[in-house]
Structure formats: C-alpha cells, structure tokens
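This report goes through a protein model part by part. Please look at the sequence and the structure first, then read on.

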Amino acid sequence: MAIKTIIEPFKIKAVEPIRVTTRAEREARIREASYNVFLLHARDVLIDLLTDSGTGAMSVDQWAAVMQGDESYAGSRSFYRFEESVKRLFPFKHVIPAHQGRAAERILFAVTCKPGDIVPNNTHFDTTRANIEYRGAKAVDLPCRESHDTATPHPFKGNMDVEALENLLEHEGADKVPLVMLTVTNNSGGGQPVSMANGLAVAEVCRRHGVPLYIDACRFAENAYFIKHREREFAEMSVADIARELMSHADGCTMSAKKDGLANIGGFLATNDDDLARQEKELLILTEGYPTYGGLAGRDLEAIAVGLEEVVQEDYLQYRIVSTGYLGRHISGEGVPIVQPPGGHAIYIDAGAFLPHLHPLEYPGIALAVELYREAGIRAVEIGSVMFAQRDPETGEEQPAEKELVRLAIPRRVYTQSHIDYVVEGILEVWKRREQIGGYRIVYQAPFLRHFTARFEPLGARA
Ligand code: F0G
C-alpha cells in the first residue's frame, strides 16, 4: 500500500532560531504594545501568523538566482528573465514590474478610474479598496451568497455573485465601470477559491458589456490547485495550465509576488491594452522606477522568476493546502468555530462565535488575538470591527463589521507540522477558558486604517 503521510517537500538548509518566551514576558510585552499585536516586536513572537505576505522561505534555486541579478538600470537581463517567467503563466501582452501589489493597484486605478466610477470585485482587499477610493471612485463587493454563512462549507465560496454584477452593470451603466476585478483566492472573504466556471461567467458578462476584466492574482496558484481538485473537468490539467486558462479570459492582472511569487518583495501589473500600458509605464517612472525594474532590484526580479516556476509544482501545493487544512480540521474538530472549509493560505476563526458573550464593539477579535499571544506567543490578526467598522454618517456612531474574524495566515515553507501542532494546542487552551475572556475598548485611533496603530485597554474581567 502506498504511504499516505504528506510531508513537507523540502529539507531545511538554513535555520532561523525562534526565541522562546515565558508567559510573564508575553504578558508584559502585550501590555506595552497596548494590546495591539502590530505593535509587538517580531523577536517577541514565537509563531508569526500575522500574514503570508513576503514572509515565505526562498529555495536554494531562488538564492542562487539572486546572485545572478543584473542591476543594470535599463534593459536588465533579470527583467527579461522575469518577464518570460511571468508570461508563461500570465499570457498578457505587457508586464510591468512594481515593488508590491498595492503599487500595481495604484498605477492601474490612477490610469483607469475617475471620480464617480464604480469598480466591482468579489471582495476588494483593503489596499485595492483604498486605491480606488483615493481616486474618488467607489469599490463595490459582490461576494456570492454562500460566503455569508461562515459555518457551512461550499467548494467555491470565493466566487463573485454574477447576477449582482449583471444587475450593477445594467443599473449603473457600463460606462461608469472602468473595469471589473476578480480576486483569486478571495482573501478578505476567508481565503476561499473562485471556480473556473465563475471566472468564465464573470468574463462573459464583462465582454457583453464591453468592460475589461482584471484578476487580482496574489494567490493564483493556490486557487488553481483548488480548481484542479474541486472542479471535475480540470482534474487532469496541470496547475500551470489551469492558471493560464483562467488568465486567458481576462484583460490584465495585478499581482503581489509576496504571496504566490514566493518572494519577500515584488509584484507586477499586466495588460493587453497597448494604450493603457504606455500610460502605466509613464506613471511608473514617476514613482516606482524605469519599466525594466519598477522599484525592484535585479536580484528581486530573479527571485520572482524562479518563485513562479516553483509555486505551480503540485507537491508544493499539496503540502501547502494540506497543512492549512490540518490546522483547520484539528481546531474545528474540537469545536472551535472557523470559516468552513479551510482556505488556501489561512484559517479564519469566527471570534464572534468563539466569544459570544462579547458585543462586536467590545472587539472579540482583538480579545482572541491577545489571548493567543498570551497563551502561546502566536501572532494572528483581527479582521473584524477594528479593521472594518463603518461610521454612521448622521450620528457618527460606530457600526460593527459583518463578521468578527481572526486570521491565522501561514507563511510559505516556513513552519513544520510540529509548529502547527503547537498552534493547535495553544488555540485549544484558549478555547477551554473562553468564558473568562473579556473585551477591549479603544483608547487611541488614527483617522484611517486604524487597526495598524490603535491602542486598547481591557474592559476588565467579567464577573
Ligand atoms: N490583493 C490581495 C488579495 C492581497 O491579499 C494583498 C495583500 C494585496 C492585494 C496587496 O499586496 O501587500 O503586496 O501590496 N495582502 C497581505 C495580507 C498584506 O496580509 O493579506 P501588497
């Protein structure tokens, strides 16, 4: 019988020590950080699940490629290698490097959006939304209906609501919509994949209305792996071919190479539109750099070129998706409420259901993130009312977000199964004493993107 255990498909060549801390130390550090995990020093964190962005480990081939970096200002050899590697998966005419995803977004929306425009997406990531709003346009989320219920599994909860898109285009008029975006996987929607069928349906609606479709491709390889395993007609296709197939129905994409580029920095913007590409390159020179480096060093372009080859390898993706699922299964098996099914890059705990005695504006996501750090030195991030609450325009009162989630994002190729077992145990210890966990109030907040710098105070232990 074949062996069933799925192993990390790599050996470890360089190690980075983890500094073990005591509970008393963590207690002091989190108090000094005003109960905001963004304000902790990374050296005080044991297992850092704050983000999967730029936190992955590079391979020997990537480090070797780094030494080949050509740092020429214009026409660098590393750019052409990067461009070739990108075009193998993203068959767009123009590829424009940028220092990360949000730089690509800023340039795309600066060139395409004007005040009053509307940009629909399955769910906008926060920088995407901010870049659209900064142009005076409106960012609209159109997630599929199944996404609203966190507890019920569905194979493609990241899908866009195609009917809602059709309605929006008919109601508002396609001339108000400079482009439609589709985010794969849907990060803000729980790391959930988008099906090929949904991608094709969205592309068809866009084509019929004459509106370009752009893919936010940050986690394209994880999304393609889910398509291969959940959409029967693609079972025999390679992940690379599936990724290319999805992209071939779009007019362009934005990409953060800090995710499925397996690099620590970098990104790009791609398009088939000659005129747009010209304008984008002109703008790029203003703030990012010449179009053959776009704010990156030649060595970064090399690391991305190799990373894009490695990320579509199926043993890597199998390990990646299985290890995320392992964390999800082991905590949800003990009753911890999570967004089901587990996504590609992260597990999202439903903090509202974990701490039902707390009101959303007592910030259950902050309370849970603080306890995970106290208990086990784990750093996770609140994706709830601190990040997404809205103010009532009339009364100025805070309106809670739709969900109170805590995201445990898994860096690529960084932690082993025993690290994940440690995380499971830490979460279950907190789960056991959940009824004793109290809420928080905000004592300082910035006028925008407050979650990065807010300071909190405990409301006091519950009686
Ligand atoms: N789009 C999506 C779906 C993202 O998840 C991110 C970043 C970006 C765009 C922006 O890319 O960081 O390179 O500028 N997500 C990270 C996260 C920060 O933690 O989820 P960037």
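**Domains**

Domain bounds here come from an automatic or database domain assignment. For this chain, the assignment gives domain 1 (23–52 + 313–458) and domain 2 (60–310). Their C-alpha centres lie 27 Å apart. Domain 1 puts 26 residues into the contact and domain 2 puts in 30 residues, where contact means heavy atoms within 4.5 Å.

Buried area is the accessible area (1.4 Å probe) that two parts lose on being put together, summed over both. Between domain 1 and domain 2 this comes to about 2400 Å², with 52% of it on carbon and sulfur atoms. On the side of domain 1, Glu314, Leu317 and Arg412 supply 21% of the area buried against domain 2, more than any other three residues.

**How the model was treated**

The model is predicted: local features need pLDDT of at least 70, side-chain atom pairs count only at pLDDT 80 or more, and totals for chains, interfaces and linings use all residues. Residues are numbered from 1 along each chain as its sequence is written, and side-chain values use heavy atoms, with hydrogens and water left out.

**The ligand and its shell**

Which residues are closest to the ligand? Of the 17 residues that surround the ligand, the closest are Thr51, Arg102, Asp216, Ser256 and Lys259; a residue is counted as near if one of its heavy atoms lies within 4 Å. The shell divides into two nonpolar, eight polar and seven charged residues. In this scheme Ala, Val, Leu, Ile, Met, Phe, Trp, Tyr, Cys and Pro are nonpolar, Asp, Glu, Lys and Arg are charged, and the others, Gly among them, are polar. Helix α4 (residues 101–112) gives the largest share of the shell, three residues. Helices (H or I, at least four residues) and strands (E, at least two) are DSSP runs, numbered from the N terminus.

Polar contacts are pairs of N or O atoms within 3.5 Å. A side-chain N or O atom of Arg102 is 2.6 Å from an oxygen atom of the ligand. For a polar side-chain atom of Arg407 the distance to a ligand oxygen is 2.8 Å, and for a backbone N or O atom of Gly101 it is 2.9 Å.

**Backbone exceptions**

Most residues other than glycine have a negative phi, and most peptide bonds are trans. Tyr35 has a positive phi, near 60 degrees, and is found in the loop between α1 (23–32) and β1 (47–48).

A cis peptide bond joins Gln340 to Pro341, with omega about -5 degrees. Pro341 belongs to the loop between α12 (314–332) and β9 (346–350).

Note on methods
A polar contact is a pair of N or O atoms within 3.5 Å; within protein, one must be able to donate a hydrogen and the other to accept it, and residues adjacent in sequence count only if both atoms are side-chain atoms.
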